[in-house]
Amino acid sequence: MHWTAARRARQWARRVRRRRLALTTGRGQSSQGFERSGGGASVLVSRQRPRAACRLGVAGGGRRLGRRHLVRAADEVTTRFLSLAPSDRTVTRIARLTGASRVAVRSATVASMGDVVVVLMRLDAENRHSSRAVATRGWPPYHGTQLCPRCLSEGGRWQVRWRLPIVSACARHGVFLAGRCPGCGRSFRHHRHSVLRPVGASTTCGNPLGAGPVRQCPQDLVRLPAVRAELACVAMQRRVDTALDGGPVRVWGEVVPGPDYLADLRHLTCLLLHLACQPGAQRVAPWAETLAVEAAGRTAVRGPRWGMRPPDDGALRGRALTSADQLLSASDRQGAADELAVWTCLVPKTSDGPLGWLADRTVMTARITALVMAALAPHRRLSHRLDNPDGAPMRLVVRAIPQVIPHGLYVKHLATAVDSTEQTVRVFAALCLARMDPAVRSWAAAAEALEMPPALGTRTARASSARVLVNHDEWTPRLQGVVRDLARVDYRAVEQKVRHRTSMSRWFDEWARRCRPESHWEARTYALIWQWEHIAHGHIDLAPAWRGRRPVAKDRALYRQFEASLSEYQKSELRYALYKRAWGVLSHARAAET
């Protein structure tokens, strides 16, 4: 043992003397190159055996140089963070040795992309502990890279953006990026202790097998199978590529800078990843089941810290990013809040409440804060209960739902349930019934299904749901009681009959001559409104008798005065007049056909 230790000491002394001699004479051979591609740049570094002569250059040009001139060539030059943000002296040394410009050398690193995705301004190549300041911000580029086998087979160039965790697919070929080599089980170009790749610019893996760089993984990377990405994932990746190239991206119908979009996308994805780990998340996101498998492999003490490191599986990460991108690419914030409300129901019950739990698991930017607050609004939670009932869904056709629930049903089932005006509660109850249709997924869509303006549905839901005096478990049975007692009538057809009477006057002349001879011709407008409100059960502001104009308080007061003056006989005759003329026209049409 003593003789072996002495022999190793002598070998180490000879190695140190040779290294000092190489620093002064430039002996030894190596090769290192850089290439730049359209979608980004990549470092192509290779190292052969010490006695093998290689070529060092940039984009095909260069000169023969010693290995130690490039890698730790002097005490003032370090190769730490070489592919991320090398020091200026390292860039200058590489540019002088390769004959390339400093800009070309810098473009082969992640720092060339600026602070669009990851902030590298605190990264100091002279201090290895400075990487903690970058890692704490989340999703830093780790050792190794991803790749697209089809891109690599076409030009053999490695893109810098493949190193970014926010990039998960190739928009050009429509496939997910491969993240691990099936031969060695590690990420591609995984060299922790050496910046030089023995395989050079070849398309083989080249990861070292074992403790030293003697044996390399021979896996051919261009032959790796490409996993087809969904169209939504490809669309998300195109938006990410646009932001990485410095272009603006639309969020909720507004144009925002690319860095802001990427920050919101990353933080919102972290939030969805934490929510997808909760029980029952498989109903919301199909990829939650795969996420649970990877989360089980993370530390059990602190749990999966998705804000620090996203899922390693590129397809899984891409689908999570797509779910977040769909929220940001919605037409407006209200639609995005409707979609996020389904996710917020997965929040566990804690002392901090839903908002505190969500805020502890991501960075709450201004845009994400507004989205979360809108999703946690009371009418969002109620809409989720209506979209996902605990029992069997109610079978009710939307055409059989009036715009306003009849007064008798309001008194019987809804009078003490909501602290709001009767008209508002009756409209809100009709919207709730429409929300039970599986095809209706928002309050605006519910209003459109009842042939009302979408803004009216959103505004009514926001005003009423915050004033519901009963819990959601009691509100649903009340709606079921309304459905049982509601007359089975096609209210859209009745509304159309009232619209048809707007251009006719004979029916009113007959009714006035028989029931109300002293009526003025202006009373015809109020008679149409009465039929619209009491027979078709439509919203008073949407009555066709107003002829497109919005009624003011005086108009409503005059109509209420006419309504109060009607006797029971006059009301029954008005009701009969709506169907009498229709039956007469129908019988006349049938007689003409025969």
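**A buried aspartate and its surroundings**

Analyst: Asp-325 has a relative accessibility of 5%, so this residue counts as buried. The model is a predicted one.

User: Which helix holds Asp-325, and which side chain does Asp-325 join through a polar contact?

Analyst: Asp-325 sits in the helix that covers residues 314–328, which is α10. Leaving out residues up to four places away in sequence, Asp-325 touches Met-236, Arg-239, Tyr-261 and Leu-265. Among these residues, the side chain that makes a polar contact of 2.7 Å with the side chain of Asp-325 is that of Arg-239.

User: How many helices and strands does the chain have?

Analyst: The chain has 594 residues, and 49% of them count as buried. Among contacts with a separation of 6 or more, 65% are between residues 24 or more positions apart. The count for the chain is 24 helices and 8 strands.

User: Which residues have the most contacts inside the largest nonpolar core?

Analyst: In soluble globular proteins, nonpolar side chains tend to be buried together. The largest nonpolar core here has 75 residues. Those with the most contacts inside this core are Ile-166, Tyr-261, Trp-287 and Trp-343.

User: What distance separates the C-alpha atoms of Thr-269 and Pro-310?

Analyst: Thr-269 and Pro-310 are 41 residues apart along the chain. The distance between their C-alpha atoms is 9.0 Å.

User: What span does helix α16 reach from its first C-alpha to its last?

Analyst: Helix α16 runs over residues 422–435 and has 14 residues. At 1.5 Å a residue, 20 Å is expected. The span of α16 is close to this value, at 20 Å.

User: How many of the 14 residues of α16 are buried?

Analyst: The buried residues of α16 include Val-425, Phe-428 and Leu-431, and also Arg-426 and Arg-435. Helix α16 is largely enclosed by the rest of the structure, because the number of its residues that are buried is 11 of the 14.

User: Where does Pro-402 lie, and which residues is Pro-402 in contact with?

Analyst: Pro-402 is in the loop between α14 (378–387) and α15 (407–414). Pro-402 has a relative accessible area of 0%, so this proline is buried. Val-489 is 87 residues away from Pro-402 in sequence, but their C-alpha atoms are 8.9 Å apart in space. Leaving aside neighbours within four places in sequence, the contacts of Pro-402 are Ala-430, Leu-450, Leu-486, Tyr-491, Arg-492, Ala-536 and His-537.

User: What is the phi of His-537?

Analyst: Most residues other than glycine have a negative phi, and most peptide bonds are trans. His-537 lies in the loop between α22 (523–534) and α23 (553–565), and is buried at a relative accessible area of 15%. Although His-537 is not a glycine, its phi is positive, at about 55°.

User: Where is Trp-252 found, and what is its phi?

Analyst: Trp-252 belongs to the loop between β7 (249–251) and β8 (254–256). With a relative accessible area of 13%, Trp-252 is buried. Trp-252 is a residue other than glycine with a positive phi, near 55°.

User: How many disulfides does the structure hold?

Analyst: Cys-170 is buried, with a relative accessible area of 7%. The closest cysteine sulfur to that of Cys-170 is in Cys-151, and at 3.6 Å this is too far for a bond. A disulfide needs the two sulfur atoms within 2.5 Å. The number of disulfides in the structure is 0.

Definitions and conventions. Residues are numbered from 1 along each chain as its sequence is written. This is a predicted model: local features need pLDDT of at least 70, side-chain atom pairs count only at pLDDT 80 or more; totals for chains, interfaces and linings use all residues. Side-chain values use heavy atoms; hydrogens and water are left out. A nonpolar core is a set of buried Ala, Val, Leu, Ile, Met, Phe, Trp, Tyr and Cys residues joined through side-chain atoms within 4.5 Å. Buried means under 20% relative accessible area, exposed over 50%, partly exposed in between (1.4 Å probe, protein chains only). Helices (H or I, at least four residues) and strands (E, at least two) are DSSP runs, numbered from the N terminus. The expected span of a helix is 1.5 Å times one less than its number of residues. A polar contact is a pair of N or O atoms within 3.5 Å; within protein, one must be able to donate a hydrogen and the other to accept it, and residues adjacent in sequence count only if both atoms are side-chain atoms. Contact means heavy atoms within 4.5 Å.
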